[in-house]
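Here is a briefing for a reader meeting this structure for the first time. Take a look at the sequence and the model before reading on.

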Amino acid sequence: MARFEIGPSFRLDGREFKILSGAIHYFRVQPQDWYHSLYNLKALGFNTVETYLPWNMHEPQKGVFDFQGILDIERFLQIAQDLGLYAIVRPSPFICAEWEFGGLPAWLLNENLRIRSSDEGFLQAVASYYDALLPRLVPRLLDNGGNILMMQVENEYGSYGEDKAYLRAVRQLMEERGVTCPLFTSDGPWRATLRAGTLIDDDLFVTGNFGSKAAYNFAQMQEFFAEHGKKWPLMCMEFWDGWFNRWKEPVIRRDPEELAEAVREVLELGSINLYMFHGGTNFGFMNGCSARGTRDLPQVTSYDYDALLDEAGNPTPKYEAVRRMLQTYYPEYPQMEPLVKESCELRDIPLSQKVSLFETLSDLAEPEESLYPLEMEELGQNVGYLLYRTEAVWDADQEKIRVIDARDRLQLYVNGQLAASQYQTEIGQEILAAGQKKGRQRIDILLENMGRVNYGHKLLAETQRKGIRTGVCKDLHFLLHWQHYPLPLDRTDRIDFSKDWQQDQPAFYAFDFEMKALHDTYLDLTGFGKGVAFVNGVHIGRFWKVGPTLSLYLPHSLLKEGRNRIIIFETEGEYKDSINLVNQPTFKTIKGENL
């Protein structure tokens, strides 16, 4: 069996080994495209693939595990091994990754525990997860004939806490379940994060995360190593070759030649993992959210990341720039021609059916009743939308309504008519709503969970509980007797399109079309307001007219020869009578600095 060791250098079977790794998250790429992305990594001359593992996808409900389809980590690792790639696997409880709640399952919010700490309740939850996960990984360790070189204990913990007992406990949980490969932590390269987030005195290998100035950042790490008497190889576990994007902000780009030179600087001094090599897509409701002051800033569906492969997995100018650099300075790493997938267009697909949400609501959810509004988590719902409904007597022609505390975005309707839309800082402000004096009016409040934060202190904040958290006041008193309709939108086949459609209401729009040759494409949502889209029942992500992205990537594997159906759930009453599938992404130009 092969053997990987960490001493003054990385050694593979006794020989010095430089890790040239690229990040590909299996859960952001359709399984039919895993080979394509991994082959292109190998073709560049790289020898290793790195991936996180999202706890919230593998255990979406407490004690319910999923390792099938896009979550089949074993198959992903096997394809990599068949191509001759080693693997770095990061099964830490928290992953960040611009992923919903940093990969933590939302059901933890209902448990009496403190996340990412030595709290016994949290460690028990991690242990249960590892009981299901690690038996799938241990046989794939290098020592056992697999391709896993090393595994991560925690991710950028020095930017969150300094609970060493927690780090030791996670390490012990992994080792007790048969993990024998080298383990590591990854943190920012400056002393404060390294001191707080590592177990260097326990001989746990330390790596750094940065995106430039390799000589300076590696020097900081070496100084920290020397303080603790360690002579370790230098590894940038996340070399940020691009960046993620948020709603209402310009797309972030990095010059390819500058990147190639920055990668060369890393390789002169140590090993590298390009983050990302292929970014992929935040399918479904899985986009993460940044936290800035009092605001949460959700990220877009695309995780293109301006990486070496584009969202579809095809080489970009960055790929070619790094390829040329490696040919010049590291000719010993063999290269091959990369694979390129075709894309296609299909225009003017006509609208087939439409129905208002309020009309088909009972087909999608069974209402749960309570005296006061419940939060999403109290209803056992992790993601999506939640509709609250009650009735109230109007004591005037116009009533003042306040949703006291809610997240993330609400639309309030009285008798089916939109009274107001509110988002974050607006929530809690008075809404003037017209109605028939002395008559009973129906109040509907559609709440959207736009994504939980994936980084920082707000992981612990009450703001990560979604829905209405305090109550709804009319005049000065709280309204009672609420019905709750959870809308994770995981069963689009239940939508009854035979029912009515009303203008300016949230609604579903169905588009049917025929396909012969199946290729990647992009669903252009120009002209639509805000919502989510489904292709043959698969949720491909969120859209919003504010940009910067106005399209959603549609992988070829989600299409079928013959009849296909796209369903768009749109919440603003803005739609078109036809849609286009286009061969490249559609963007909205946003000028100025990032917000």
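The points below go from the whole chain to single residues.

This is a predicted model. The chain has 595 residues, and its secondary structure comes to 10 helices and 33 strands. Buried residues make up 62% of the chain.

**Overall shape and surface**

- The radius of gyration is 25 Å. A compact globule with 595 residues would have a value near 25 Å, so the chain agrees with that expectation.
- Along the principal axes, the C-alpha atoms fill a box of roughly 85 × 55 × 45 Å.
- Among contacts with a separation of 6 or more, 80% come from residues 24 or more positions apart.
- The accessible surface is about 22500 Å². Carbon and sulfur atoms account for 47% of that surface.

**Charges and salt bridges**

- The chain carries 63 positive and 84 negative side chains. The centres of the two sets lie 2 Å apart.
- The structure holds 46 salt bridges.
- One of them pairs Glu345 with Arg347, with 3.4 Å between the closest N and O atoms. Glu345 is partly exposed, at 37% relative accessible area. Arg347 is also partly exposed, at 45%.
- Another salt bridge joins Asp405 and Arg469, at 2.9 Å from N to O. Asp405 sits in the loop between strands S17 (398-403) and S18 (406-407), and Arg469 in the loop between strands S23 (467-468) and S24 (472-474), so the pair ties together parts that are 64 residues apart in sequence. Asp405 is partly exposed, with 24% relative accessibility. Arg469 is buried, with 17%.
- Lys545 and Glu574 form a salt bridge too, their closest N and O atoms being 2.8 Å apart. This pair links distant parts of the chain, 29 residues apart. Lys545 lies in the loop between strands S30 (538-544) and S31 (551-554), and Glu574 in the loop between strands S32 (562-570) and S33 (578-582). Lys545 is partly exposed, at 39%. Glu574 is partly exposed as well, at 28%.
- Arg253, Asp304, Asp306 and Lys318 belong to one network, joined by salt bridges that share partners.

- Thr316 is placed in the loop between strand S13 (295-298) and helix H9 (317-329). Its relative accessible area is 14%, under the 20% cut-off, so Thr316 counts as buried. Beyond its neighbours within four places in sequence, Thr316 is in contact with Ala307, Leu308, Leu309 and Asp310.
- Arg407 lies in strand S18. Arg407 is buried, at 13% relative accessibility. Leaving aside neighbours within four places in sequence, its contacts include Thr294, Gln424, Glu448 and Arg469.
- Arg246 is in the loop between strand S10 (235-240) and helix H8 (256-269). Arg246 is buried, at 11% relative accessibility. Ser290 is 44 residues away in sequence, yet the C-alpha atoms of Arg246 and Ser290 are 8.4 Å apart. Leaving aside neighbours within four places in sequence, Arg246 is in contact with residues including Ser290, Arg292, Gly547 and Pro548.

**Backbone exceptions**

- Most residues other than glycine have a negative phi, and most peptide bonds are trans. The cases below depart from that pattern.
- A cis peptide bond joins Arg407 to Asp408, with omega of about 10 degrees. Asp408 is found in the loop between S18 and strand S19 (409-414).
- Gly547 and Pro548 are also joined by a cis peptide bond, with omega of about 15 degrees. Pro548 is in the loop between S30 and S31. Both Gly547 and Pro548 are in contact with Arg246.
- Gln424 is not a glycine, but its phi is positive, at about 50 degrees. Gln424 lies in the loop between strands S20 (417-423) and S21 (431-434). Gln424 is buried, at 7% relative accessibility, and is in contact with Arg407.
- Asp504 likewise has a positive phi, near 65 degrees. Asp504 lies in the loop between strands S26 (482-487) and S27 (507-515). Asp504 is partly exposed, at 46% relative accessible area.

Key. Residues numbered from 1 in each chain as written. Predicted model: local features only at pLDDT ≥ 70, side-chain atom pairs only at ≥ 80, totals over all residues. Heavy atoms only, no water. Helix = DSSP H or I, 4+ residues; strand = E, 2+ residues; numbered from the N terminus. Rg over C-alpha atoms; globule rule 2.2 N^0.38 Å. Buried < 20%, exposed > 50% of the residue type's maximum accessible area, 1.4 Å probe, protein only. Contact = heavy atoms within 4.5 Å. Areas by Shrake-Rupley, 256 points an atom, 1.4 Å probe, with all protein chains shown as cover. Lys, Arg positive; Asp, Glu negative; His and termini not counted. Charge placed at Lys NZ, Arg CZ, Asp CG, Glu CD. Salt bridge = Lys/Arg side-chain N within 4 Å of Asp/Glu carboxyl O.
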